[in-house]
Amino acid sequence: MDKLLSILPPPQGGYLPYLLFYDGLSAAIHTVVCYTSSPTAALTAFSGAEAPPPHALLAHVYGVKNVYTSLIRLYAAYNLTNPLMYDLAIWTFVGVLFLYITEVFVYKTARIREASFPYVIAGRQYIQARIKDTIQLSHVAEFLKTKFPDGDQQISEDAEVQFFWDGKRLEENDIPKEAVTLRYRILPAWDDGSLRVIWKGANLKLRKSHLDTITSEVAAGRSVGSIRETVADLLRASNKPGKHAVQSSNQIVIEAAGGLRPGPLPGNSWQACKVQTWLCRYLTIDVRQPAHHVILRGFNEQYVWHKPYVNARGYVDVHELKQWLKQSVLTSVHFRGLHRRGIGASIDVDDILLLSRGKIIGKHAHVRPGKTVDFDVPRAVEDKFIQAEAWLVPLTETCVVCSDEKRVSEMPNRRRITASCEHDATICKECVGQWIVSSMDTVTWDRLKCPECPQLLKYENVRAFAPRDAFDRYDTLAAKALLASIPDFMWCLNPKCSSGQIHPAGCARAKCHGCKHSLCVRHHVPWHSGETCDEYERRTRRQRKNDKASEKHVKEIAKPCPGCICGHEWCWLCFGRYYRDEHEFLQCHHTQQCRYHDNPPNYEGGRAFIPFLNPGAPLPPFMNGALPPRERRPNAPNPPQGAHGNRPPAPAPPRVPGLPRLAQHDEILDILIRRHMFGPGHLNMGRPRHQHPLGPDFIDEAMLFNLGHLMQRAGRER
């Protein structure tokens, strides 16, 4: 005790040294708060009607002011007999008094309550106590009522004491074993604990019935943007002379008062009733002047910054916009109301891109208040933020692929999968990512398309939607394609190495910087040890001659893919595209010059299943006649000739009795389609039966005709 008393100022000066010691120590503690806590907690004294949004820079400046105040007062407490120190300490009080008078009555950034008691923290008193394992919440409630029987902190006997831990109310009587700090709220007997709406506007008025309407919308789960629209309509209706003062619903400011996260609610998509999770009891509503805000748009949502900092010319600096976006949006949406160090540590202000009409806004540019600015953040930050914000945003969208209900932030940004898409995206980000993964197994990396239109996906689109492993694969393929376009670039020929480098012209031997293997740049082979390039060239002259002849022959007989897409099928003769008809049969649009234009091959259409329907094909022995030859078109070219000259045409077999000449092909195909391919005894009961002149034996035999050959062909095509 004697050592503790020795630290205090000497008592010769009365109580003034102790007052200076207390004020200096309090200012020092508040300096630590300004640098370690959130700007909202550090700038609690400045919460007036015209107060700017809490900002880290303001908190740091305020903390530096407290450093000087603390040093002067502490030094004066121990040297009060020095006239200069005494006068300097008194002038610190005069300066603080001048600060709060001007801020309260001139600039209206502070209120009388905070100015009169700048060192008193709003809310109830913090209590430290040790409890036993047998103590329950009811015992703690009785203790609080005994500790505060009267005064400003009075707790009446009929008041309800609510306890909260980890952002949730404790409904049971037991204290969680993991709990170190509990928060409590006192509700008088007349208070039901519901969320209340308070109007703070000075020039415009709202009736009590209007506040009740707003309160009911908040309780119904309406979004902040919807409540802004309602308040704007009510203000225009109830203030006829001043209705022009409310030009936009974004002028309406909605703030959460008290709780874990007091301050404005910038997100228009947030559910206002969710602030109760932050232990907030009140929503305050105010209105700003027109064009005194900036709208930042991202993740298909809008975030409004009211009364931003403007420079001497009336513009908002880009750096200030990014700082506000990081501190007031990206790191302040966790359900516990705390600033998330994970998101804040993973993003730098320079990583945030601001865009106007699709163009990036430079760091030295300015934004006029009242404008709308788009923003983008890195994929990792976006995923973390959307996950942290999910509890605030309702499910309002439906993905057409997975049929799950989604949030607007879980759909593609700006409702576009690519910048060239002309349709609104109806597929969620997760399904687009799965589409990219599956497409990379069927098409080349540079032919990925939007799942809803033919637009190609660009690099930034794949990076925005694809899973991490799929994007790494895509990025590797894109990098290899880019490097392959460099004339002097060469990949390492070691099969266990994936490195490559640029070799200057004229270099014969090079060493890979990755695996240290040597290779011959001149011949694109591993280095021929014991031989010079000329000796190697003489030794392999015949082999290279044969290789060149093979390459020449391949170029002569090969044809490039007309579609330039992996998996594209076309006719080798006329480059016609193959497609599937309504019966899933393979068809082709042959040109008139193609020999298959009038006489398609057996593997097209139903001929793959009924070979004897093709012109000139032998008929089954069980038929009592034969099918007529297929009519040739007037402009059809001559049929292909054999190796030994013209071959006489096959004689036209007689017609099948009882069938019209042109209907026999369609009748036979109709019969076969209506029967199960591998079950001759099963008929389709959905269509009426009628007697066919070919008889049932023809149908059964035709279905089994050449079946083994057909199944072998189907297996090869797979």
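Predicted model: local features only at pLDDT ≥ 70, side-chain atom pairs only at ≥ 80, totals over all residues.
Local features were taken at pLDDT of at least 70, side-chain atom pairs counted only at pLDDT 80 or more, and totals for chains, interfaces and linings used all residues. Residues are numbered from 1 along each chain as its sequence is written, and side-chain values use heavy atoms, with hydrogens and water left out.

An open sheet is formed by 3 strands in the order β2-β1-β3 with antiparallel pairing, where strands are DSSP runs (E, at least two residues), helices are runs of H or I of at least four residues, and both are numbered from the N terminus; two strands pair if DSSP finds at least two bridges between them. The edge strands, each pairing on one side only, are β2 (168–169) and β3 (183–187). Helix α7 (residues 137–147) packs on this sheet and touches β1 and β3, contact meaning heavy atoms within 4.5 Å. Strand β1 (residues 160–165) is joined to β2 by 2 bridges, and F164 has R169 of β2 as its bridge partner.

Elsewhere, strand β11 (residues 353–356) runs antiparallel to strand β14 (residues 372–376), the two being joined by 3 bridges, with L353 partnered by D376 in β14. Strand β11 also pairs in the antiparallel sense with β12 (residues 359–360) over 2 bridges, S356 standing opposite K359. The hairpin formed by β11 and β12 has 2 residues between the strands, and R357 in the turn adopts a positive phi of about 55°.

Residue F105 lies in helix α5 (residues 83–105) and is exposed, with a relative accessible area of 56% (exposed denotes over 50%, buried under 20% and partly exposed in between, with a 1.4 Å probe and protein chains only).

Key. Axes fitted to C-alpha atoms, helices over the stretch in contact; angles between N-to-C directions.
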